[in-house]
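Colleague: Thanks for sitting down with me over this one. Could you take me through the geometry, one question at a time?

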Amino acid sequence: MTNVKFYYGENVPLEMHKVRIVQKLNLVPIERRLQAITEAGNNTFLLKNADIFIDMLTDSGVNAMSDRQLAAMMIADDSYAGSETFTRLENKISEIFGMDYFLPTHQGRACENILSQILIKPGDVLPMNYHFTTTKAHIVLNGGSIEEIPIDEALNITSDCPFKGNMDIDKLKGIINKHGAAKIPFVRLEAGTNLIGGQPFSLENMEEVRQVCDEFGILIVLDASLLADNLYFMKTREEKCKDMSIRELTRAISDLSDIIYFSARKLGCARGGGIIINDQELFLKIREFIPLYEGFLTYGGMSVREIEAITVGLDETMDEDMINQSPQFIEFMVEELQKKGVPVVTPAGGLGCHIDAMKFLDHIPQNQYPAGALASALFIVSGVRGMERGTLSEQRDEHGVEPLANMELLRLALPRRVFTLSQVKYAIDRIGWLHENRRLVGGLTFVDEPKNLRFFFGKLDTVSDWQTQLVDRFKKDFGDSM
Ligand SMILES: *Cc1c(COP(=O)(O)O)cnc(C)c1O
């Protein structure tokens, strides 16, 4: 049996890699940080990298590549059709997932676009453990609606439930009975459930979902973008998985799925994506869409260099020594923040550390976007860039009504193999300071609100001059130095 955990002392995570290429960071003065976030309309998506010290916006496309990945990129076989590089990826995917077919796409949402167009008719209902922003947008665009049926515990921010990404089986049966299987083209399971804090589902839960779907002849589509973290949690938290290797676990999950799609910006530490499938008839249908939207079948919108990097990256994801890096750092961050009394999502998930902004800023009403305000405030006091995952990330309904999110989270992503422990400790220190001074933080209001995916481009203003007060307090405590 292999060990996937690497700690020393009192739960200090140990990096199982060394750094061989570095990038210089800037820590600009707090006045510039205030100016930058103002120019960005208090939307961290609109900040410029030159103003950012530690970028915890996302793990998408910013994971550190390995020496083996970079070496593989040098031997990439550039050709429009029939590239050797693509054959290597195809073979690696069939080796790992055990399915017959692979279709390349330029990133994860491209898979969602194509699968939604092919599988969804107007009026269809899509049960899922939880939605992801781009997934929901594509399903709705094709006339479908989503039914989120995670277990009740999923939405409890503080919990000791090891598998908050599990699907509620009774609710699944209820939806099928209510709408009928003909209206349900597939059940979607998302590994490492992104929007509720990178929370995993268990192998046992997936087996139960499979049983129900078999009974009614419904497909299971697995969003495997965050599969790596889910695998780590299965292996470390689920009794029946303890003696399975990461490869065996991956194969077990794959055997329970009909279609798997993934963003290689996350899974495989590169950039790209693709659809993995066994059913030949469906494969042929999907295949027609690839040249139309993505590119020819042997590159699908990806550069051959990235394809080589994915092949090696997927192999490294199966490495029992490496899979722990991000979850262990996140667990450390969660535990240290809890010691300071900062409200965080527990248990620690994958992807990043998630701060409960509703509780952190309980004086800010939800329609003034507490998670957005917290993202803005944290950037000002630290240069750390996080991402709002709350009401700002929701979309108005067809009547223009703004749905209030179930949770207001500030997500601080820990891209794989990127940060050092002292950078993580710096972030913890500044978050602690902000928590002590949280009453200084005020709300936000839209000045420019796009209709679709408004969190990407929307601009907001502060409801009062709270940011200058925050800067004044910061300088009293820290001087002018940082
Ligand atoms: C990031 C992500 C996607 C979309 O992938 P992109 O490559 O960003 O288009 C889909 N599902 C989940 C769970 C994700 O985390």
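Colleague: In which loop does Pro347 lie?

Modeller: This is a predicted model, where local features need pLDDT of at least 70, side-chain atom pairs count only at pLDDT 80 or more, and totals for chains, interfaces and linings use all residues. Residues are numbered from 1 along each chain as its sequence is written, and side-chain values use heavy atoms, with hydrogens and water left out. Helices (H or I, at least four residues) and strands (E, at least two) are DSSP runs numbered from the N terminus. On that numbering, Pro347 belongs to the loop between helix 12 (325-339) and strand 11 (352-356).

Colleague: What is omega for the peptide bond that joins Thr346 and Pro347?

Modeller: Most peptide bonds are trans. The bond joining Thr346 and Pro347 is cis, with omega at about -5 degrees.

Colleague: What is the phi of Leu351, and is that residue buried or exposed?

Modeller: Leu351 lies in the loop between helix 12 and strand 11. Most residues other than glycine have a negative phi. Leu351 is not a glycine, yet its phi is positive, about 70 degrees. Its relative accessibility is 0%, so with buried meaning under 20% relative accessible area, exposed over 50% and partly exposed in between (1.4 Å probe, protein chains only), Leu351 counts as buried.

Colleague: Near what value is the phi of Cys269?

Modeller: Cys269 sits in the loop between strand 9 (259-263) and strand 10 (273-277). At 8% relative accessibility, Cys269 counts as buried. Its phi is positive in a residue other than glycine, near 50 degrees.

Colleague: How many aromatic pairs does a search of the whole structure find?

Modeller: Rings of Phe, Tyr and Trp (its six-membered ring) pair if their centres lie within 6.5 Å; planes under 30 degrees apart count as stacked, over 60 as edge-to-face and the rest as tilted. Searching the whole structure on those terms gives 16 aromatic pairs.

Colleague: What kind of pair do Phe45 and Phe456 form, and how many residues apart in sequence are the parts it ties together?

Modeller: The centres of Phe45 and Phe456 are 4.9 Å apart with 80 degrees between the planes, an edge-to-face pair. Phe45 lies in the loop between helix 1 (30-39) and strand 3 (54-55), while Phe456 is in helix 16 (residues 454-457), so the parts tied together are 411 residues apart in sequence.

Colleague: Is the pair of Phe456 and Phe457 stacked, edge-to-face or tilted?

Modeller: Phe456 is partly exposed at 22% relative accessibility, and Phe457 is exposed at 52%. Their ring centres are 6.2 Å apart and their planes stand at 50 degrees, so the pair is tilted.

Colleague: Which residue lies over the face of Phe455?

Modeller: Phe455 forms one aromatic cluster with Phe45, Phe456 and Phe457. A charge sits over a ring if NZ of Lys or CZ of Arg is within 6 Å of the ring centre and within 35 degrees of the ring normal. At 4.8 Å from the ring centre of Phe455, the residue is Arg389.

Colleague: Over which ring does the charged end of Arg430 sit?

Modeller: Arg430, Trp433 and Leu434 in helix 15 meet residues of helix 17, including Asp477 and Phe478. The charged end of Arg430 is 4.2 Å from the centre of the ring it covers, that of Phe478.

Colleague: Are helix 15 and helix 17 roughly parallel or oblique to each other?

Modeller: Axes are lines fitted to C-alpha atoms, for helices over the stretch in contact (heavy atoms within 4.5 Å), and angles run from 0 to 180 degrees between N-to-C directions. The axes of helix 15 (residues 421-436) and helix 17 (residues 466-478) come within 12 Å and cross at roughly 120 degrees. Angles under 35 degrees count as roughly parallel, over 145 as roughly antiparallel, 65 to 115 as roughly perpendicular and the rest as oblique. The two helices are therefore oblique.

Colleague: Which residues is Ser382 in contact with, leaving aside its neighbours within four places in sequence?

Modeller: Ser382 is found in helix 14 (residues 370-382) and is buried at 0% relative accessibility. Ser382 and Phe53 are 329 residues apart in sequence but 7.7 Å apart in space, C-alpha to C-alpha. Neighbours within four places aside, the contacts of Ser382 are Leu27, Arg33, Phe53, Tyr426 and Arg430.
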